[in-house]
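Hi there,

Here is the structure I promised to pass on. Have a look at it first, and my notes follow below.

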Amino acid sequence: FIPFPEPTPGLVAIILLFGLVPTMIYAWKVGTPSLKRWWQLNSFIPAMFFVHGVVFSSFSAFMLGFHVHEKAIMTAIIPLTLLATTS
């Protein structure tokens, strides 16, 4: 008895792209010169966004990936240690 159908690699790739959309939109806003004023008002640091974006993308790839090994979580945990030292 299998409770869920087995996903195909193509379906998983589409789901992963949807999972990465929030980071891609946010990165677009940070990198667009006409939209930079909004993060300057909130004391936002673009370099910290990069680390947050890498961690979010790594976690998304780990959670939504088709064939993921346990060692793949290291791609998210190692950059997360940089955030742990700043909070």
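Let me start with a question: does serine 58 count as buried or exposed? Serine 58 counts as buried, because its relative accessibility is 12% and buried means under 20% relative accessible area, with exposed over 50% and partly exposed in between (1.4 Å probe, protein chains only).

Before going further, please keep in mind that this is a predicted model, in which local features need pLDDT of at least 70, side-chain atom pairs count only at pLDDT 80 or more, and totals for chains, interfaces and linings use all residues. Residues are numbered from 1 along each chain as its sequence is written, and side-chain values use heavy atoms, with hydrogens and water left out.

On confidence, pLDDT is the predictor's own score for each residue, from 0 to 100. The chain has a mean pLDDT of 82, and 82% of its residues reach 70 or more. Confidence is highest in helix 4, at 89, and lowest in helix 2 (residues 37-41), at a mean of 56. Where pLDDT is low, the predicted coordinates should not be read in detail.

Now back to serine 58, which sits in helix 3 (residues 46-64). Helices here are DSSP runs (H or I, at least four residues), numbered from the N terminus. Helix 3 has 19 residues and spans 26 Å from first C-alpha to last, close to the 27 Å expected at 1.5 Å a residue; the expected span is 1.5 Å times one less than the number of residues. Its buried residues are Phe49, Val51, Gly53, Val55, Ser58 and Ser60, and they pack against helix 1 and helix 4 (74-84). Leaving aside neighbours within four places in sequence, serine 58 is in contact (heavy atoms within 4.5 Å) with Thr75 and Ala76.

From helix 1 (residues 9-31), threonine 23 touches Phe49, Gly53, Phe56 and Ser57, not counting residues up to four places away in sequence. Threonine 23 is buried, at a relative accessible area of 14%.

Alanine 13 lies 48 residues from alanine 61 in sequence, and 9.5 Å from alanine 61 in space, C-alpha to C-alpha. Isoleucine 14 is in helix 1 too, and is partly exposed, with a relative accessible area of 46%.

Happy browsing!

Conventions. Helices (H or I, at least four residues) and strands (E, at least two) are DSSP runs, numbered from the N terminus.
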